[in-house]
Amino acid sequence: MTPDTTHGLHLDAICIALDGRTLLSLSAHVRPGEILTVMGPSGAGKSALLAYIGGFLDPVFTGSGRILIDGDDLTGIAAEKRRCGMLFQDPLLFPHLSVGGNLLFGLTPSIARRDQRRRMVEQALIDVELEGFFDRDPATLSGGQKARVALQRVMLSAPRLLLLDEPFSKLDSDLRQQTRGLIFARAKSAGLPVVLVTHDQADADAAGGPVIVIGEDSRR
Amino acid sequence: MERRTEDNPGRPMANGKTVIRRFSISGLVLAMIGLPILAGLAGTVGPAFGLLPALGGNHLTLSHFAELAAQPHLLRSVLISFATAIVTTGLSLAIVMLFTAGYAGTRIFSRIQHLVSPLLAIPHAAAAFGLVFLVAPSGLAMRLVSPGLTGYVSTPDWLVPQDPLGLTMMAGLIVKEMPFLFLVTLAALPQVPLLQARHLSASLGYGRIRGFLISVWPLLYRQIRLPVFAVLAYASSVVDVAMILGPALPAPLAVRITEWMADSDLRMRFLASAGALLQLGLTVVAMVTWLAFEQIGSVLLRRMSGSGVRKADDRLLRRSACAAMALSAGLVFLGLATLLVWSIAGLWPFPALLPDSFTLQPWLRALPQAGTAITTTISLASSSAAIALLLAIGLLWQGGHRDGGALRSVLYLPLIVPQLCFVFGLQILSVSLGFAASFPLLLIVHLIFVLPYVVLSLSQPWQALDRRYETLATGLGKSPLQILLQIRLPMLTRACLTAFAVGFAVSAGLYLPTLLIGAGRIVTITTEAVALSSGGDRRAIGVYALLQTLVPFGGFLIASLVPHLLFRDRRAMRI
C-alpha cells in the first residue's frame, strides 16, 4: 500500500533515542479527522514523541525521521511555524490574561481586524457554552470550563494537527467523558489529524482510531 | 525571526538560544564582572610591589611590605579580622543549621521566616547603628536597667561598642549574616528530601536535629556552600560595620587599609596596596581554615551517625536555636526603633528611658543636606538594578545559566573576593587613566555587585515557571520573542520586581566601592551615614540610618504592591 502523502499526518520512520538507547521507533499515517492513540508505560517516550512532532524535543533526546502534514515536510521547520496545537493534562490558561485575552493570544494573526478578532473570540466562547466569559479571570473558572477555554484557544490558532498529552487524566470521570467527546468531535469536524498519548484504554476506545503501544515491542 | 535560521533543525526548541547568541549575554556578564575584578586585582598588586608610574613608582620593591609589617599592632588587627570571619560565619551557620534542623516544615519555621526576611533589606550600616544605640553605655539596654539594677546615674565608662576583642562587631555581623544564610538555606530546601528523611529518621528513633544533621544537612550544605564562603569573605574584610562597631586601637585590618587608601598623602597608596594584598591573604587563610573545619565537621558527622546514639530529646537545643534566631531579628528591629526615637528626640538625659520631649528638628536639619545624597542613592540604585535586571533576563532567556560552572563561579566572585582588594586597584587604575570620579564609572562598579544578586534572585523563579506554557504558545505559532514579552515576563512580573528590589537594596547599601570610586565627590546616604559614625551626633545618625533603611524598603514595597495593582483581577497572579 502506498500511503497517500497529500492528506493527513505522516510519521515516517520516527526514531527517538535517549543516551543511545532507542525509546521508540514507528511509522504511521493519520488521516484528517482520525485519532492515532499512542499507549505505553511512563518513561516509554510517549511525550518525547509528541515533543518531536511539535518541534520541542529536549536536547537530551535524539530524534530522527520525517514528519509530513498534507504533503509538507515539517521536519526542519521551527516549532512556532509548524502549527501543532497542543493540549496538556492541565489547561495552562495564562494567568495574567483574561479568558478573552487567552483566546485572542491563540487566535491566528491572519485575522487582523480588531473587531473581527473580538467577534470570533466571543463566538468561540458561545460555541462551548461560555457566553459572556470574555473578561473573566481564568482562575475563577471550573475545571471543565478551563478545559473548554484551552480547547478553543488551540482551535482558534488554526492548527494543522493536534497533539494531546494525556489531556483528560486530571478530570473526574463525568467531566472526562464530556471533554473527551467535545475535543474529539471538534477535531473530527475540523478535519485535523490527532495524535493522542494516554494511559487509559477508555481514551483509546473512545478515539476509535489506530492504536500503537510502545515500550512493549508489540503493536496492535 | 532570523534567529531560527542557524538552527539545528532537529531541535528547534533549543535553538531559541543559538550558540552565538548565548555567548553574547553570558559572555557580556562574565566580562562585566570578571574583567574589573582581574583589572582591579592587577591594579592592587602593582603598587604593592612599588609599580605605580603615576606616583613615581617605577621599580620593583618589597619595601612597602616592610613598611606594612612595621605598622604598630598589625598582627592584632589581622587576628581580629581573622577571628571575626571565623566566629561570625561559624555562629551564623550553626544557628541557621540547628534552627532549620529543628523546625523546617513547621509553623514556627514560616513565622520566623516572615520575621527574618525583611532583615535582608536593611543595610549593614543601619543595623550596626541600631546595635550601637542599644548596647552603648548610654544605650537603650543600659537605660532599661538603670539606675534600678545598676545604680548608674551617669553613663558608665565602658568600651562598648568598639570593645577591644571585636565582640560587638561580631554580633553586628551575625544579626545580618544569619538572615542571609537562612534565606539561601530556604531556597535550597526544596531540593532535598526533607520530609522523607525526617520520617525515616524519626521512625528509627532519632531526634529531629540529629536525624536532620545525619540525613539532610550534607546535601543542603553542598547547596549553600558558596554563600557560606561569601559570608566568610565579607566578615573577614568588612569596613562599614567594623568602623561603627569594631575596636578602634588597633582597628580591624580592613578599616586600617581603608584609612590608608583615603589618606591625603598619596604615597600612602603603596602601603594601602600592600595592605590589600595582606587582606587577600588573610581571606584566603580564613577560607583554608574553613575548609579544615568542613573536614572536621564531616568526620564528626560520620562518627555521630556511626555511633547510633539517638538523642531523641533535643528540645532544649532546638529552642535555643529558635530563640537565637528570634533574638537576633528582635535586636535589629529594636535597634531601628531606637534609631527612630533618637532621630526625633529632644533632650534625652541618661538614664531616662524615653526623651523628655520630641522634635522634628533633627530631620528638618538633616533633610536639606541629605537631598543630594538621597537623589544620588536612588538614581544609582535604580539604574544599576534596572540594567542588571535587563541583563539577567537576557542571560536567562538565552539559557546562559545552563552553561553551569563558569558563570556560577564568576557570579560569586564579587562576593568571595574581598571588595577592598580589587576596588582599590580599580580606583588606582581609573585615576592613572585620568578618569575623574563620575556617575557612569560608579554605576559600572555598582553593577559588579548588583548583577550577581539580581541573577541569583531571578534564576530560581525563572526555572520554576512551567515550561509547558511556552511549548503551548509555540504551538499557537508565537515566536520566542513574543513568548518572552507576552507570556514569560508578565507571568514573572513579581519575580522581576523582587530581583530589581534586591539589586536596588544592594546598590543602596554599598559602602566601600562607593567611597573609593566616588572619591568623596559622589556621596550616597550610606557613605554619609558611615561618615557620621565618628562624630557622635546621635540625632543625625538616627536620621541617616533610617533614611538608609527606608530607601531600599521603598524598593521592596513597590515590588510587592505593583503586582497587586497590575493584576487586580487575576487571582492566580497575586500569590
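Residues are numbered from 1 along each chain as its sequence is written, and chains are lettered from A, with ligands numbered from 1, in the order in which they are written. Because the model is predicted, local features need pLDDT of at least 70 and side-chain atom pairs count only at pLDDT 80 or more, while totals for chains, interfaces and linings use all residues.

**Exercise 1. Confidence**

Find where confidence is lowest and highest among the helices of chain B.

Step 1. pLDDT is the predictor's confidence in each residue, from 0 to 100. Chain B averages 88, and 95% of the residues score at least 70.

Step 2. Helices (H or I, at least four residues) and strands (E, at least two) are DSSP runs, numbered from the N terminus. The lowest confidence in chain B belongs to helix H1 (residues 19–48), with a mean of 82, and the highest to helix H3 (residues 74–103), at 95.

Step 3. Over residues 1–22 of chain B, pLDDT stays under 50.

**Exercise 2. Two helix pairs in chain B**

Describe how H4(B) packs on H14(B), then how H15(B) packs on H24(B).

Step 1. Axes are lines fitted to C-alpha atoms, for helices over the stretch in contact, and angles run from 0 to 180 degrees between N-to-C directions. The axes of H4(B) (residues 107–116) and H14(B) (residues 315–343) come within 10 Å and cross at roughly 25 degrees.

Step 2. H4(B) and H14(B) are therefore roughly parallel to each other. Angles under 35 degrees count as roughly parallel, over 145 as roughly antiparallel, 65 to 115 as roughly perpendicular and the rest as oblique.

Step 3. Two residues are in contact if their C-beta atoms, placed from the backbone, lie within 7 Å. H4(B) contributes Ile108(B), Ile112(B), Leu115(B) and Val116(B), and H14(B) contributes Cys322(B), Met325(B), Ala326(B) and Ala329(B).

Step 4. Ala, Val, Leu, Ile, Met, Phe, Trp, Tyr, Cys and Pro count as nonpolar, Asp, Glu, Lys and Arg as charged, and the others, Gly among them, as polar. This contact of H4(B) with H14(B) has eight nonpolar, no polar and no charged residues.

Step 5. For H15(B) (residues 361–397) and H24(B) (residues 538–566), the axes come within 10 Å and cross at roughly 35 degrees. Contact residues include Trp363(B) and Ala370(B) in H15(B), and Arg539(B) and Tyr544(B) in H24(B). By class, eleven are nonpolar, two polar and one charged.

**Exercise 3. Sheets of chain A**

Identify the edge strands in both sheets of chain A.

Step 1. Two strands pair if DSSP finds at least two bridges between them. One open sheet has five strands in the order S6-S7-S8-S3-S9, with parallel pairing. S6(A) and S9(A) (211–213) stand at its edges, each with a single partner strand, so one side of each has no neighbour in the sheet.

Step 2. Within this sheet, S7(A) (residues 161–165) and S8(A) (residues 194–198) pair over four bridges, and Leu163(A) has Val195(A) as its bridge partner.

Step 3. Another open sheet has four strands in the order S2-S1-S4-S5, with antiparallel pairing. Its edges are S2(A) (21–30) and S5(A) (72–73), each with a single partner strand.

**Exercise 4. Interface**

State which elements of chain A touch chain B.

Step 1. In total, 28 residues of chain A are in contact with 27 residues of chain B.

Step 2. Helix H2 (79–82), strand S6 (84–87) and helix H3 (99–106) of chain A each supply at least two residues; the largest share, three residues, comes from S6(A).
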